Amino acid sequence: MLTNNELNTKAIIAKYTTAVNDLAKKARVHEVDYPISNLEMESYSPHQQLIAALWHAHEGFPSEHPFCDILSPYMSSFRKTILTDAEFSFLLAHYSEVIEYLFSIRKEWDFTILPTNDLPKEFAELTSSIMSLEEGQTLYLPSCAYGDLAIKFPQCNIVGFVEDETVATFAQIRMNAAGIKADITFHPLDVSDTTVIPTDKVDAIICTVIDPISYAVLQGLSLGEMYDALKPDGKMIAICSNDVFSSYKKEGSFLTRIYNDKSVDAVIQLPNNVLKDTGIAPTLLYIDKSPKPKEHEGIVMFDASFASSGVGISKSLKRIDVDRVLFAIKNGNLPEFENIIRKIPYDKVDASIWMPKFYLLDRDITSNRRLSDLVEMVSASRKAPEGRHYRYSLTGSLATSYKDAKLSLKKDSESSPSDKVPGRFYAYFDADPCIFLLLTGEEVYVKYSDVMDKDAFYRVRSNVMCLKVKDSFPVDYVAALLLSKEIKEQLTALASGTTTTRLNPHHLSKIVVPEHNKEQMSLFLEGVLKASLTHREREMQIKSEEYERGVRLRKHALTQSVSSLSALFNQLNKCRLRQGGVLRNEDLVNPVLNKTVEEVFVALASKMEVIQKKLAHIADPDLDFGEPVNIDPEEFILHYLRTKKSGWANYTGEVTWDKWYTLNKCKKELRDPFDNSIILNVGDTLTSFEFPKDALEHIFDNIVANAAAHGFTDETRSDYKIRFSWEKQGMDVVITIENNGTPLPGVVNPEDILKAGFSTKLNMEGHAGSGGYEIASIMKDYHGDVEVFSCPDSEFPVKYVLRFHKTNILFSFSL
């Protein structure tokens, strides 16, 4: 229960932030190209204004203090007249608690556009709970951000670095207010002649190496050097991407050393997006150099990749999973949860494999054969092979089932121009029989080719791997094997993460496959083909049933409309006969219902329009939306809102991100580690998908129209909203469109909305039951799908989730 002080603090801060936000909204021009600098926009943040003003009043520093210059945009924007003297004095009297409260609600800050590596509170709790430190010990944080981790160690001396000077200043204010001894320093990562490696031995380090775009700049942030900076009994938590695990084979590498020292206590695979805006499923390594009793030697392997609550970018660890991890590290295995947490003795750990899922697999295959006996990984070329004059370009997406796994190839002249993506985003392979493989999250994507063409080469996206099948094995058999449940589980366990990942070539020798002879291979493939045929037959049956149902529903709707039209016409005709063929506007057609001739004619005109609309829907030809193009989801959504909102009567559009600052453009030049060529320039789009622009606009229009017709019907409300968001999920781009209108009726199954002929207003206002079905059909035509969710207890109860499979997730280059 909140105390009076806490209630007063929240009320005063809410008063100030609401007033400033209202003023800021009036001052802004609602266009993306609003001519105001980022620094001026940040100064609108009421929370940062309060922190700056309270700090200045509390500390009483002169204007020469270095913080004053950094905080001047916020202090100059502070609107003192909003609060009374008594309210400001109250905040000042409770300075420490107020400052921490303001940081605890940082997700509400306006214009928080600075790179911070923010941590969800559960993640910070997990990290700080794993690492137990004593009073006065030194904790080193090379990426301190706003101090979410530092605040969890009030007993320690904090040494921290931040790559943005403003963030470093706010973090230092936070530490000072909490009474924590700390030195938070601004350290620009793009300065090559400086380092954040400790010069003196420290008790503990918590570091992150997760940002794929700036990873090349982070080489100075070497985990090995961090490890060396620990005292003999020091502790370290390293939060890293799969890049780190590629260094296992290097002599004296970080991974080799911590394995030989037996200093790793736990490896935890964390959920995708638990670290804000990275798109990476990070791994947490907990290292303790202090000697351990022999009976406790082992590594806790925990797969927490599923252990998140929330949706999309708002994910965090569940509380119960924090408790499980701590218990397992201290006590060993948890028998009831051994499918997600298991302590593996050191002699059972493969020094080249650090993915928890691999050690948690219960493999049903008993065999001495490995995948490396069937295939070998082919090294990609960054340029088209010389002497080969034609190319095969993949048409369509890679497949998750064998029935779609045969590669459809388009042969082009090598000199024909690339019409969609610059050449640097492709990889090139000789046109020999092979299998193309892509791994992401829990899914395996495959295409196989039996083409042998010495005059041609394959051109594929650079994040696709190529496997050459060895002579004694049929390529279609191996493709089917890769898509079988047992092999898929092993592949995804060795290339964990929901962002597109790569499989290390040496891991092929770790994957157990059945020892089929030629006859067994044929029988296996025959079984797969039969299952595929059965599945396709079922798909055709469902499609036929949906079509028949749609025809029946539309026929029923038209019949009802015509019957209603006929009833009105019959009443009008009876009136004409009664009155000797003369009709006047004011004549009562139906004395019981008190309907006049004029009203009946208006109703007839309306119903004729309804029928015409329904007939038009039935007669609609297939629309030509043009060729697919690369679409930046963030840019497209903002452009759509700019161009459409003027025609929206009783509702507005909004996005879940700060529309004044893009998250989908490269902020630093990215170079290819192989030849130092530029992969991404500053301002290039990081994530895009292929789709016809007109088709996507048509889908958006349909969804918005559905919301207006079905959800925004209460004329007394003025707060109706359409909210757009987007995110990366594995190799897919996902756009969510939701509204805060009336929830779907309880009797309506959300899946039915996407079926032909379905509408909750099938016989009203021209609704033909084709909008949802049209959305689903267009998405399917262009390698996508759509789902509708009903969340009646949510602020936004109706959600359309559009999933695009044909994507360019460009940051996967460095994974």
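A search of the whole structure finds five cavities of 30 Å³ or more. A cavity here is a set of points on a 1 Å grid over the protein atoms alone where a 1.4 Å probe fits but cannot get out. The model is predicted, so local features need pLDDT of at least 70 and side-chain atom pairs count only at pLDDT 80 or more, while totals for chains, interfaces and linings use all residues. Residues are numbered from 1 along each chain as its sequence is written, and side-chain values use heavy atoms, with hydrogens and water left out.

**Second largest cavity**

- The second largest cavity has a volume of about 60 Å³, a volume being the space filled by probe spheres set on the grid points, which are joined across faces, edges and corners.
- Its lining consists of L361, D362, R363, D364, I365, E486, E489, Q490 and V512, where lining residues have an atom within 4 Å of a point.
- By class, this lining of the second largest cavity has three nonpolar, one polar and five charged residues.
- Ala, Val, Leu, Ile, Met, Phe, Trp, Tyr, Cys and Pro count as nonpolar, Asp, Glu, Lys and Arg as charged, and the others, Gly among them, as polar.

**Helix α3 with helix α6**

- Helix α3 (residues 46–59) packs against helix α6 (residues 95–104) at an angle of about 160°, with axes 10 Å apart; helices are DSSP runs (H or I) of at least four residues, numbered from the N terminus.
- Axes are lines fitted to C-alpha atoms over the stretch in contact, and angles run from 0 to 180 degrees between N-to-C directions.
- The pair α3 and α6 is therefore roughly antiparallel (over 145 degrees).
- On the α3 side the contact (heavy atoms within 4.5 Å) includes L50, L54 and W55, and on the α6 side V98, I99 and F103.
- Nine nonpolar, two polar and one charged residues make up the contact of α3 with α6.

**Helix α3 with helix α4**

- Helix α4 (residues 66–77) packs on α3 at an angle of about 120°, with the axes 8 Å apart.
- Among the contact residues are A52, W55 and H56 of α3 and F67, L71 and Y74 of α4.
- The contact of α3 with α4 holds eight nonpolar, four polar and no charged residues.

**Helix α4 with helix α8**

- Between α4 and helix α8 (residues 165–178) the angle is about 100°, with axes 10 Å apart.
- Helices α4 and α8 are therefore roughly perpendicular (65 to 115 degrees).
- F67, I70, L71 and Y74 of α4 meet E165, T166, T169, F170, Q172 and I173 of α8.

Notes: Helix = DSSP H or I, 4+ residues; strand = E, 2+ residues; numbered from the N terminus. Parallel < 35°, antiparallel > 145°, perpendicular 65-115°, else oblique. 1 Å grid on protein atoms, 1.4 Å probe; cavity = no way out; pocket = protein on both sides within 12 Å on 5 of 7 lines; lining within 4 Å.
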